[in-house]
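Dear colleague,

Please find the structure below, handed over for your own study.

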Amino acid sequence: MFTTFVGIAPRDVKSSTHLSPEIPSPPKRRQKRSQVARACDWCRTHRIKCDNHLPCSNCRKRKGQCSQGEIEIRTLPHAYRKIEELEKRVRELEQELEKERGAKRSAIGLETPHGSPSSATCHSGPESALALSPSSHHGSGTGRKKSGEGVRIRTARSRQETWYGPSSLFYFIRRVNTFLNDSLRQTQPITRMLPDSNKLFDGPTQNPAKDHGHRLISTPGKDQTATGDYLTPTQEEYFIGLFWQSFQTSLPVLDEVAFKEHYQSLWTASGRERKPSALVDIVIALCMQYGVAQEPGIGSTSSAAASTRSEKDGLNASVAGRWYYQRCQNLLTNELESPTIYTLQCHILSTTYLCAGSFPNMADSTCTLAVRTAYMLGLHLDPPEETPLRERELRKRLWWTLYVFDSKISMKLGRPFLLEHSDTTCSLPRDDQEIATLSGSVFTPLGESITWLTFHVENIKLLLAVRAAYTAFYKKQLGAADASDGQSSRDILDIIETHAEFLGPYLSRIEEWVKGVPNALQTKRREDGVPFSTDFSSLEIKPFASLWLQRQRMLLELMYHNLCINLFRPFIRFNPAKMPTPTADKLATRCAAHAITLTRIMHQALSSTSILTGWHESFQWQWNATMTLIGFAIAYPQHAPAPEARHAIGLSVTTFEIFARSLPTATSAATIARDLSSQIDVLTKQTQEKYKHDSTQWKAEDVPPSPASWRLTGSGPRDGDVTGGDPNLDISTFPGTAAGTWSSDTTPMWAESIDMAFAVDTQDFGMLYWPDVSNDLTTQWTYPELQM
């Protein structure tokens with residue numbers, strides 16, 4: 001009944017395993033093999049196992065260098081981490097570089113000059129050369145950059161400061177004013193050198209007539225431009241008729257036949273009212289601006305009486321027709337979303353009106369609007385072949401007119417270009433007899449396949465050549481900005497000379513254009529003078545040539561001289577040179593020569609002909625030349641060309657008095673020229689007295705070499721040609737070097753007066769940070785930072 005089980009002791013377990021089934025034991029977990037992301041170079045070469053340490057165990061045992069090569073980026077997160085590492089490293093290097101530059105500037109004493117109160121609003125000079133960098137967008141710090149090289153000023157009747165670049169006349173005027181203040185120990189504001197500008201909207205800002213189509217009949221004896229009254233049909237026809245003999249030949253943007261058909265279609269059956277048209281209004285405004293200056297009695301009176309009367313009676317030809325201009329702008333607001341060729345023509349003519357009226361900022365804005373409109377219309381592309389030839393050539397003329405406007409305004413104001421030649425496929429317009437006939441305007445052929453359209457093509461070619469030199473020069477200046485940091489004055493002078501030599505090939509292209517100008521578009525010179533030269537010979541104006549042809553010839557030459565003045569003006573320096581810079585000095589001399597030539601031509605044309613009467617842009621060219629001559633005479637008062645420059649300044653005063661018969665602004669310009677001319681006399685007298693006192697202290701060996709001992713070898717425009725291609729220019733009376741400080745007669749007398757302005761203008765050229773003139777808006781205005 002009971003069964004007895006025998007217990008098995010632990011020691012007997014092994015012997016009794018056969019009595020019970022085997023119980024399986026749990027399997028051992030296999031140890032995970034350690035993985036290495038990347039073996040070091042030594043372990044990988046010898047194909048042995050490496051670890052994740054740096055240095056690894058193998059390299060520690062052999063006491064060798066443990067390194068890993070460039071890791072191949074295989075994943076996107078890995079790429080992001082690599083980018084962050086590189087950006088961090090770049091910021092660290094930039095901070096180290098800025099610290100090093102700051103230490104160098106402190107060592108050579110480049111500090112903010114303490115100038116006149118006016119300089120507080122003139123953010124110019126090397127101390128205000130600023131830059132944009134990645135760190136400038138993220139708070140402050142040592143790497144933070146600023147922007148704003150150039151000058152910020154308030155022009156007459158302007159409530160806000162506006163910015164003008166280093167190539168502008170305003171920037172040069174700032175340099176002249178700062179030098180005069182420091183040399184004569186005065187505190188005159190820069191506004192004393194700016195003539196009173198026009199105000200476009202004097203009087204009522206709105207026309208009493210509510211309906212733009214309503215015509216107000218003028219009252220006899222009443223100034224319509226002052227009251228806002230519009231013209232009668234007969235008066236409109238008179239002013240429109242002026243357009244075809246004046247603006248059409250120099251600004252061929254209208255089809256005469258198409259415009260006349262459009263104008264006739266606007267009149268109602270009664271013939272008393274005209275439908276509103278922006279294009280017709282701006283043409284009338286432009287012709288009133290031109291025609292009012294030619295009224296009998298304006299050009300026949302003496303200069304002083306005429307200018308006084310014009311200011312008293314409110315006669316200002318530059319803003320004549322402003323009511324039509326305003327109505328045109330109001331009508332254009334309805335066409336902004338759906339522009340047409342008419343819209344573009346209105347913008348171009350509005351820009352012309354504003355330029356002639358001396359409204360540079362408004363002209364710049366209107367030109368910008370015209371450029372965008374042209375892109376909307378696809379004018380930057382070559383017209384399709386199926387487009388009628390007449391329309392195809394008109395589109396080309398419109399596009400290249402904008403290119404000329406953009407180039408002139410941008411270089412004049414020192415602002416970025418809006419159009420780039422590389423961005424367009426539109427070819428140059430034709431100027432042969434077939435196209436001249438299709439254009440709608442009838443003018444006598446000039447022979448040699450030259451027509452009235454040839455002026456427009458030659459004007460385009462001139463701007464292409466000058467703009468290429470301008471662009472290359474300022475790009476080189478921007479590239480050399482960093483190289484001049486912390487360098488001595490001798491190194492900076494080397495940079496100046498290098499930049500002057502750099503312009504040589506580009507100046508050769510400009511001279512090639514001069515040689516290629518057709519004879520029909522050249523104004524002959526008396527006494528065997530050469531057209532487009534600076535030999536100071538007078539013009540031989542043929543009395544029986546068409547007025548439009550004489551104007552084309554003169555405008556083409558005046559534009560050439562004006563552009564050369566702007567291109568060479570940066571080489572006029574107010575600081576003493578420690579070493580010869582012959583090429584740069586010759587370009588400064590050529591700048592003065594072009595300004596003198598322009599003044600002589602302008603005076604002869606205005607005093608003996610009516611070719612430029614009513615052409616208000618010529619006043620701005622004369623003002624540009626006058627201020628350049630004033631700066632040259634101030635910088636080199638004892639230099640050989642200075643008397644000729646002084647004489648030209650006096651001639652410009654007479655020219656301004658002629659302009660004052662219809663432009664009140666010219667009266668202010670003449671007054672400024674007289675005042676600055678007297679200050680040149682004071683400065684010259686002071687330096688002469690200083691020279692008499694110190695001349696005995698100078699030794700012969702201390703005198704630098706004379707200008708006659710300098711010669712160029714294969715550099716500059718023509719291998720040392722001082723005359724700039726003018727065979728009749730007497731080098732003995734107009735030496736090639738503009739550096740008056742190198743003459744033994746002038747070096748001592750200038751030492752002290754120039755030293756006073758040295759802190760302000762010592763690097764007016766070599767340390768200038770010019771704008772990048774490319775179309776990349778992120779890099780157009782970038783400047784290396786200077787520590788204060």
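Are F632 and Y636 buried or exposed? F632 is buried, and Y636 is buried as well. Please keep in mind throughout that this is a predicted model.

Aromatic rings

A pair of aromatic rings is described by two quantities, the distance of the centres and the angle of the planes. The count of aromatic pairs in this model comes to 29. One of them joins F247 and Y290, with 5.7 Å from centre to centre and 75 degrees between the planes, an edge-to-face arrangement. F247 belongs to helix α7 (residues 247-250) and Y290 to helix α9 (residues 278-291), so this pair ties together parts that are 43 residues apart in sequence. F247 and Y290 are both buried.

Charges over rings

For R467, the ring is that of F417, and the charged end sits 3.7 Å from its centre. For R569, the ring is that of F172, at 5.6 Å from the centre.

Nonpolar cores

In soluble globular proteins, nonpolar side chains tend to be buried together. The largest nonpolar core here has 173 residues, of which I282 and L349 touch the most other members. Beyond its neighbours within four places in sequence, L349 is in contact with F243, L251, V253, L254, L279, I282, V283 and L286. Another core, of six residues, lies apart from the largest one; among its members are C43, C56, C59 and C66.

A glutamine in a loop

Where is Q522 placed, between which helices? Q522 is in the loop between α18 (504-516) and α19 (547-568). Its relative accessibility is 12%, and buried means under 20%, so Q522 counts as buried. Leaving out its neighbours within four places in sequence, Q522 is in contact with V514, V517, P531, F532 and R553. As for R553, it is 31 residues from Q522 in sequence, yet the two are 5.5 Å apart in space, C-alpha to C-alpha.

With kind regards

How values were computed. Residues numbered from 1 in each chain as written. Predicted model: local features only at pLDDT ≥ 70, side-chain atom pairs only at ≥ 80, totals over all residues. Heavy atoms only, no water. Phe/Tyr/Trp six-rings, centres within 6.5 Å; stacked < 30°, edge-to-face > 60°. Helix = DSSP H or I, 4+ residues; strand = E, 2+ residues; numbered from the N terminus. Buried < 20%, exposed > 50% of the residue type's maximum accessible area, 1.4 Å probe, protein only. Lys NZ or Arg CZ within 6 Å of the ring centre and 35° of its normal. Core = buried A, V, L, I, M, F, W, Y, C linked by side-chain atoms within 4.5 Å. Contact = heavy atoms within 4.5 Å.
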